[in-house]
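Visitor: Before we discuss any terms, could you put the sequence and the model up, so that each name can be checked against what is shown?

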Amino acid sequence: MKEKLVLIGNGMAGVRTLEEVLKLAPEKYDITVFGAEPFGNYNRILLSPLLAKEKKLDDIMLNDLQWYSDNGITLHAGKKIVQIHRGKRFVKADDGTVVQYDRMILATGSNPFILPIPGANLPGVITFRDIHDVNAMLEAAQKYRDAVVIGGGLLGLEAAYGLRNHGMDVTVVHLLDSLMERQLDKPASGLLKRALEEKGLKFALQAQTAEIVGDARVTGVKFKDGREIPADIVVMAVGIRPNIELAKSAGLHCQRGIVINDTTQTFDPRIYAVGECVEHRGNTYGLVAPLFDMAKVCANHLAQLGYARYQGSAISTKLKVTGIDLFSAGDFNGDETTEDIVMQDAGRGVYKKLVIKDNKIKGAVMYGDTMDGSWYFQLLREGTDISAMREQLMFGQAHLGDSGHGGASSVSTMSDKTEICGCNGVCKGDIVKAITTKGLFTLDDVRSHTKASSSCGSCTGLVEQILASTLGGDYSTTPKEKPMCKCTDHTHEAVRKAIKDKHLTSIPQAMQYLEWRTPDGCHSCRPALNYYLISTWPGEAADDPQSRFINERAHANIQKDGTYSVVPRMWGGLTNPKELRAIADVADKFNIPTVKVTGGQRIDLLGVKKEDLPAVWFDLNQAGMVSGHAYGKSLRTVKTCVGSEWCRFGTQDSTGLGVQLERITWGSWMPHKFKMAVSGCPRNCAEATIKDFGVVCVDSGYELHVGGNGGVKIRATDLLCKVTSEAEAIEYGCAFVQLYREEAHYLERTAPWIERIGLGYIKERIVDDVKNRKALHERFMESQKYFQKDPWAERAAEGIEKHEFTPLKQVV
Amino acid sequence: MTDWIEIGTLDDIPKLGARVVKTSNGDIAVFRTADDNVFALDDRCPHKGGPLSQGIVHGGRVTCPLHNWQIELNSGGAVAPDIGATGCYAVQVDKGVILLNPVKRRS
């Protein structure tokens, strides 16, 4: 028989937990839900847009009643639990309903805090917590004129803005001298106040409410200093208190909230608690992202997987007021041990501040331009060392240009028709609509529903910003420890470590050891696993062709019509009449429609039929050419200029060095494609400073540059170091390649890899530690023994993988 | 009422792989899963016509090599949230020999 799981509290945290449980163990529990409100589960974050009439009730439902019945869940909507009997393990509702439980989730949420002042219970005094409150406000806005909102925090300002939108005359009363003091520092708070005043809100700051005045109904608010202002409705938004009454009455240990441990269990191990009602390591949370973190952990234990731990959440905040971009995270005030980097442009209404300690971001406040909020938040959560990028940090992640978005940085002012994803033609309006109507919370959700940000990824920042501005700070940011894909909970690092430590040498072995959830993975994890295996155990782990993307299986580039393109290698961009004749002959012989010069100094033959590939390769092989790997996550080209051999400015033999580098590194598989270049002088005609590894020759030697990118997002390289001989340049280059091969995530280019781990670390491993550099170089050369084979020759002359290139059968 | 056509043996298709049968009505992709089930679909993704035979096979699905749409091997239907379906053919395996019925079951 199934075990009985009872959820008390039909809100976002509790239902999210159920969704996670259903994903992990759909058959394990017989589930019953009790909720005090007579609805399904709705998106509480969107109450503000509901009030502002930007959304309708249907738009903010996350789980309608149909969802509960589809999943076999018994929902008691509108019934309040009045008793938990832990001894006999049952709960009792106010209408007498009794349900037994084996496990329970408490998700009772929080209650708005009501100031203990005279008049607080007069009709017309409301809070801002649920649909009922929104209806009360909407009703009041029809009949009355004067509204007072007590509380100048996030919720209070959103309520005030909503009421103002309905034409009310709104005054915000705040005890302190600056608004949103828990999320903003003083300068940002000042900018916010000015912007809200322009929208017609009035403020009474440093004002302590003494009494709410009125007889049958509220008529005004009186302050301690004796002043009184008129009010037809008063909204109390001074804070929330975890709702712990029920837990307390059941004898569960509570402090400010219901105390839970890292497995989200209360002091009664059969009872879990998640959401705003809990206290974890002394913290309570009122935003959705942490609640979802807890939900994941709770579900993991309810499904008896038993390895997830909740360790607290870093939180960020955004205000959901149309036309105001505001972001804050972490400790944004700082103290005497921290440093500030501040940028202020009053004319543009832009203010940014970063709080730094020990070269790490501790907090951030941004006003006006919040484009980089999610990036700073990521750096904050990951504790990235920012010393190498400190100079540019303030200008944002896109300071070197973000192709395709025209420098757009503020989504709230964009029209719905602004195109966000240039690859898939997705506009802002499409994304907002998908988020609200389909109840999306994460970047992955948006990607799968709209396709935005799912191709080249350059609009990811904008999409995250739209998520944030639609959902407020409550959207779930990509967790710090991101699982490799949906088939597993393990991170890239954990998978790699297991493959190395446990000497795993095949995909089935790795999947078994790491308890993969799917029998044979998916298109995303299999190529990654295959790469990790063959790069960790070269010559020992067998390459699995079925786990390679088609390009690496067919050793050519698939085109939109299913034909392929063929790019023979031209060492350092050098070619000769014999090679060119062979290419011309091949193009004639196989009717190849397009011949094009590539950006990597070689020649591309486009439109080759798959069946013709081995024969095309055979002819190219005969002329001495091998695969250019233009299709692979591998070494692509080494671009060169003519250097000292011909150029009147050339300082070193850049062409010769480029050829050597390519001869040594070709054929190596990498986490992603890898490009090199060697320029003969600082004029840098080979564009070495936008390559993964670039050499710029100077009179006294060779500057080595790493982590550049000229594609999706332009990034100039970082200078690794300067060396004096070709041999050193090669040794450092190979060591860098090997470090990247061993430590970057699959499908992570060197540019984001370096931004993630910091240049300092790479210098440490390659420049400072001679022994380590030599060891990396040696491991690379060892690996090359196995991989430096021409895949074309193996297939054209030796007939390897013949089935790949021939039809199974021709049926007339 | 068309007859079943013998198209090859199970061993001709790698596990988690696919091969193409060329017909006068276009290519048919024949897939083999990890547990040796065989499926046949039109070799055209409902999205932009990508050759499904070139995709990565996982579980009972194939991922199109062009834009990563996932297609159910048993029905030819796209996995939600994507919408669409490609033609689908009956296949049987008899003592290691694969037989295909070239009459489309559904498209």
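Visitor: How far apart are the centres of domain 1 of chain A and domain 5 of chain A, and over which atoms are they taken?

Guide: The two centres are separated by 61 Å, taken over C-alpha atoms. This is a predicted model, in which local features need pLDDT of at least 70 and side-chain atom pairs count only at pLDDT 80 or more, while totals for chains, interfaces and linings use all residues. Residues are numbered from 1 along each chain as its sequence is written, chains are lettered from A and ligands numbered from 1 in the order in which they are written, and side-chain values use heavy atoms, with hydrogens and water left out.

Visitor: What makes these stretches of chain A domains, and where do their bounds lie?

Guide: They are called domains because an automatic or database domain assignment supplies the bounds. For chain A that assignment gives domain 1 (3–109 + 242–302), domain 2 (125–238), domain 3 (316–474), domain 4 (492–538), domain 5 (551–627) and domain 6 (635–787).

Visitor: Why is the pair of A:Glu611 and B:Lys22 called a salt bridge?

Guide: The term asks for a side-chain nitrogen of Lys or Arg within 4 Å of a carboxyl oxygen of Asp or Glu; the N to O distance for A:Glu611 and B:Lys22 is 3.9 Å, and therefore the pair qualifies. Between chain B and chain A the count is 2 salt bridges, and over all chains it comes to 49. Within chain A, A:Asp369 and A:Lys352 also form one, with the closest N and O atoms 3.7 Å apart. That pair links distant parts of the chain, 17 residues apart, with A:Asp369 in the loop between β27 and α9 (373–382) and A:Lys352 in strand β26.

Visitor: How do you know how much area chain B and chain A bury between them?

Guide: Buried area is what two parts lose in accessible area (1.4 Å probe) on being put together, summed over both; for chain B and chain A this is about 2,500 Å², 59% of it on carbon and sulfur atoms. In chain B, the residues that lose the most area to chain A are B:Arg19, B:Lys22 and B:Ile56, together 26% of what that side buries. The contact (heavy atoms within 4.5 Å) takes 31 residues from each of chain B and chain A.

Visitor: What makes β39 of chain A and β2(B) a strand pair?

Guide: Strands are DSSP runs of E with at least two residues, numbered from the N terminus, and two of them pair if DSSP finds at least two bridges between them.

Visitor: Which two residues of chain B does a cis peptide bond join, and where is B:Pro81 placed?

Guide: The cis bond joins B:Ala80 and B:Pro81, with omega about 5°, and B:Pro81 lies in the loop between β7 (70–72) and β8 (88–94) of chain B.

Conventions:
Helix = DSSP H or I, 4+ residues; strand = E, 2+ residues; numbered from the N terminus.
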